[in-house]
Amino acid sequence: MIYLQFFKKTTYKQGIFYCLLVLCCIISIVVVHHNEQFYEQPIAEIIKAEVVESEPLTDMYDNDDYLFTQEIIAVLKNGQAQGQRIHLTNEYSSSGAFDQQYHVGNKIFVAVNEQATQSDVTGTIIDVKRDQTIVIIAWIFIFALLIIGRRQGLFAIISLVINVLILSFALDLYVKHGNTSLLLISGACAILFTIISLLLISGLKTKTYAAIVSTLLGTIIALLISSLVMWVTGENGLRYEEMQFLTRPYRTIFMAGLFIGSLGAVMDVSITMASSIFALYEQDPSISVQALKASGQEIGKDIMGTITSILFFAYLCGSIPMVILYLKNSYTLGLTLSLNLSLELARALAGGIGVVLTIPISQYIALFFITRKKVKG
């Protein structure tokens with residue numbers, strides 16, 4: 001039903017745009033399936049994969065697993081040995097923690113043995129070529145945004161692309177110039193992310209300006225409170241073991257992660273509150289400020305629980321595999337949770353603080369702008 005309404009509302013120019021988009025989608029999918037020549041790393045397509053050996057394994061903690069050995073024949077798709085067959089061996093486990101089984105048709109990155117002869121090329125498997133899957137998923141995401149969001153969906157895509165480019169540039173700047181303050185870079189990125197995203201999606205409107213101010217205030221206050229709590233408690237309970245491999249100050253990197261991580265949820269709350277309050281005012285310009293305030297409080301209560309739950313699950317879900325791994329290797333539950341979830345819980349709590357504080361901040365800022373409009377009107 002949604003798709004029928006979508007096609008009925010589509011104009012001639014929009015139809016041409018979507019046809020061009022579909023054409024680009026088809027061309028890009030075809031290109032990524034035949035783009036081996038653009039890679040310097042040798043790529044091979046598997047034409048035969050056979051399991052030649054399997055054996056059960058049991059570790060000291062009685063965890064059962066199976067180890068399999070595959071003999072693989074593949075055809076090189078690029079490089080000087082293009083067209084030749086290469087013989088590979090792959091060992092994988094049924095758990096698939098750090099390995100995987102390969103199938104006929106998979107394209108893989110390989111390292112060719114330089115001592116191999118032309119008649120008997122051998123090598124090792126490095127990784128799977130995944131760009132085909134990534135491109136298909138990306139196009140599904142783009143079409144979903146355009147079908148449901150239409151014009152706003154297009155601006156959301158543009159905003160996402162611009163934000164990714166900004167973040168890539170900022171990270172590259174920090175890596176190449178280590179003396180630059182990461183918190184300063186993160187703050188600049190947060191301002192740019194907020195302004196670009198909200199202006200593109202919501203337009204040059206008063207509610208957008210209110211959401212921008214609310215987002216920046218809520219994020220900064222949440223970061224200051226988190227910093228104060230960490231300073232008062234001496235960072236007790238925070239386990240930085242997962243960041244030990246960094247050669248940069250890990251506390252600064254953690255704080256920058258808090259800054260950027262809480263921004264998305266705070267921005268969502270800000271624009272939701274501002275849009276809701278301004279929508280009530282636009283429907284009834286004579287509505288009192290007290291009524292708008294009461295409505296804003298009810299809206300804030302409704303979104304507070306869902307957003308904080310989203311933050312909690314978003315941060316913790318990535319640690320589930322490591323938690324299971326630790327528990328399966330006889331680590332205690334307390335040590336497992338402290339090692340794997342302390343930083344994620346801190347990020348979720350910092351984001352939750354930002355969300356809770358942003359609700360009244362965005363409410364009063366929106367009411368301030370509306371009051372000014374009433375006075376001018």
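**Contacts, cores and burial in a predicted chain**

Trainee: Among contacts in the chain between residues at least 6 apart in sequence, what percentage joins residues at least 24 apart?

Mentor: The share is 68%, where contact means heavy atoms within 4.5 Å. The model is predicted, so local features need pLDDT of at least 70 and side-chain atom pairs count only at pLDDT 80 or more, while totals for chains, interfaces and linings use all residues. Residues are numbered from 1 along each chain as its sequence is written, and side-chain values use heavy atoms, with hydrogens and water left out.

Trainee: Why is threonine 69 called buried?

Mentor: Buried means under 20% relative accessible area, exposed means over 50%, and partly exposed lies in between (1.4 Å probe, protein chains only). Threonine 69 has 12%, so it is buried. This residue is found in strand β2, residues 64-76; strands are DSSP runs of E with at least two residues, and helices are runs of H or I with at least four, numbered from the N terminus. Leaving aside neighbours within four places in sequence, threonine 69 contacts Glu50, Val51, Val52, Glu53, Thr89, Asn90 and Glu91.

Trainee: Why does threonine 272 get the label partly exposed?

Mentor: Its relative accessible area is 25%, so threonine 272 falls in the partly exposed class. Its place is in helix α7. Its C-alpha atom is separated by 28 Å from that of leucine 343, which is 71 residues away along the chain.

Trainee: What makes a set of residues a nonpolar core?

Mentor: The members must be buried Ala, Val, Leu, Ile, Met, Phe, Trp, Tyr or Cys residues joined through side-chain atoms within 4.5 Å. The largest such core has 25 residues, of which Cys189, Leu198, Phe254, Met255 and Leu258 touch the most other members. Two or more residues come from each of α4 (151-176), α5 (182-202), α6 (206-233), α7 (250-283) and α10 (333-376).

Trainee: Which element gives the largest share of this core?

Mentor: Helix α7 does, with 9 residues. Apart from this core lies another, of 23 residues, including Ala210, Tyr281, Ala348 and Phe369.
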